[in-house]
Amino acid sequence: MHYDATERRPDTFRHDPIKALIVPRPIGWVSTLSASGELNVAPYSFFNGLSDRPVYVYYAVSGRKDSLVNVEQTGEFTCSLATDALRAEMNLTSAAVANDVDEFTLAGLETAASRFVKPPRVARSPAALECRLWKTLEMPASTDRPQDRYTVVIGQVVGVYIDDAFIRDGMVDTRSMRPIARLGYMDYAIITPETMFTMNRPTVGADGRSASNDEGPWDGSYR
Ligand SMILES: Cc1cc2nc3c(=O)[nH]c(=O)nc-3n(C[C@H](O)[C@H](O)[C@H](O)COP(=O)(O)O)c2cc1C
């Protein structure tokens with residue numbers, strides 16, 4: 001199989017396979033406030049980090065969802081980490097309910113105040129990024145259907161919350177947080193101690209023309 005992705009998917013596929021190929025995708029559990037103060041939270045898996053100095057993240061919205069309209073109005077958002085323990089709540093916050101419904105309440109979630117932005121984070125999530133909108137970018141659409149027009153929301157991370165229980169030896173204990181990631185179809189993956197592994201950066205030979213893999217525990221350097 002090798003197909004033209006600008007055309008309709010090949011008949012072999014019952015669904016567009018593309019989201020099963022861009023995997024795993026982290027989930028940004030995005031909270032925003034509207035201009036009139038209505039609170040909103042929803043998961044976004046077209047979400048990722050863009051840079052770490054300064055820190056920028058993005059999420060991409062199909063159509064004109066609340067997480068886009070609100071951020072355009074108020075310029076701030078948070079991204080809480082979606083975890084195994086919060087999978088059911090995360091999913092409920094994706095329900096297409098009326099836009100005056102607060103998904104925090106719908107999913108039985110408590111909010112916790114952010115420090116640097118107005119939208120609160122998901123209190124039970126072990127980590128959250130507090131972000132200020134930099135710009136939105138409307139992507140070219142391939143049809144006239146509103147949901148086929150994506151807008152990328154790019155924000156600078158101005159605050160980072162980490163539950164102290166997940167900081168060990170000066171590092172974030174990702175394996176204990178058990179983050180979840182989106183796969184294709186209705187599938188998800190969990191980051192667990194069993195699915196994690198360490199691989200050091202390669203060591204470059206003295207001649208600068210060869211490289212070898214460095215086995216063993218991390219020596220603490222990024223090369
Ligand atoms: C795990 C997960 C990831 C999702 N990722 C996206 C995404 O990247 N972009 C998008 O437009 N919708 C995505 N959705 C659907 C939205 O969460 C859903 O449409 C939600 O109702 C939007 O809420 P809002 O209107 O409050 O922003 C995702 C849903 C789930 C469950």
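The model is predicted, so local features are given at pLDDT of at least 70, side-chain atom pairs count only at pLDDT 80 or more, and totals for chains, interfaces and linings use all residues. Residues are numbered from 1 along each chain as its sequence is written.

Let's start with the whole chain. It has four helices and 16 strands; helices (H or I, at least four residues) and strands (E, at least two) are DSSP runs, numbered from the N terminus. Along the principal axes, the C-alpha atoms fill a box of roughly 60 × 50 × 30 Å. Of the 223 residues, 25% count as buried. A residue is buried if 20 or more other C-beta atoms lie within 10 Å of its own, exposed if 12 or fewer, and partly exposed in between, with C-beta atoms placed from the backbone. Among contacts between residues at least 6 apart in sequence, 59% join residues at least 24 apart; a contact here is a pair of residues whose C-beta atoms, placed from the backbone, lie within 7 Å.

Now find the open sheet of seven strands, which runs in the order β3-β2-β6-β9-β10-β5-β4 with antiparallel pairing. Two strands pair if DSSP finds at least two bridges between them. At the edges stand β3 (39–44) and β4 (47–52), each with a single partner strand, so one side of each is left without a neighbour in the sheet. Neighbouring strands are turned by 30 degrees against each other on average, direction ignored; such angles run from 0 to 180 degrees between N-to-C directions, with axes fitted to C-alpha atoms and, for helices, over the stretch in contact.

β6 (residues 76–81) and β9 (residues 127–138) are antiparallel over five bridges, and E76 has R132 in β9 as its bridge partner. β5 and β10 pair in the antiparallel sense over seven bridges, with Y58 bridging to I154 in β10. The loop between β4 and β5 contains P54, and a cis peptide bond, with omega about -5 degrees, joins R53 to P54.

Helix α1 (residues 66–74) packs on this sheet, touching β2 (28–33), β3, β5 (55–62), β6, β9 and β10 (150–162), and its direction makes about 50 degrees with that of β2. Which residues of α1 are buried? They are D66, S67, L68, N70 and V71, and they pack against β2, β3, β5, β6, β9 and β10. After α1 comes G75, whose phi is positive, near 75 degrees.

In soluble globular proteins, nonpolar side chains tend to be buried together. Here, the largest nonpolar core has 29 residues, and those with the most contacts inside it are W29, V30, Y59, C79, A82 and C131. Such a core is a set of buried Ala, Val, Leu, Ile, Met, Phe, Trp, Tyr and Cys residues joined through C-beta atoms within 7 Å. β2, β3, β5, α1, β6, β9 and β10 each supply at least two of its residues, and the largest share, four residues, comes from β5. Leaving aside neighbours within four places in sequence, the contacts of W29 include V41, P43, C79 and M90.

Turn next to the ligand. Of the 17 residues around it, A42, F46, K65, D66 and S67 come nearest; a residue belongs here if its C-beta atom, placed from the backbone, lies within 6 Å. β3, β5 and α1 each supply at least two residues of this shell, and β3 gives the largest share, four residues.

Finally, some backbone details. Most residues other than glycine have a negative phi, and most peptide bonds are trans. D169, in the loop between β11 (167–168) and β12 (171–172), has a positive phi of about 55 degrees although it is not a glycine. D169 counts as exposed because it has 5 C-beta neighbours inside 10 Å.

Notes. Two residues are in contact if their C-beta atoms, placed from the backbone, lie within 7 Å.
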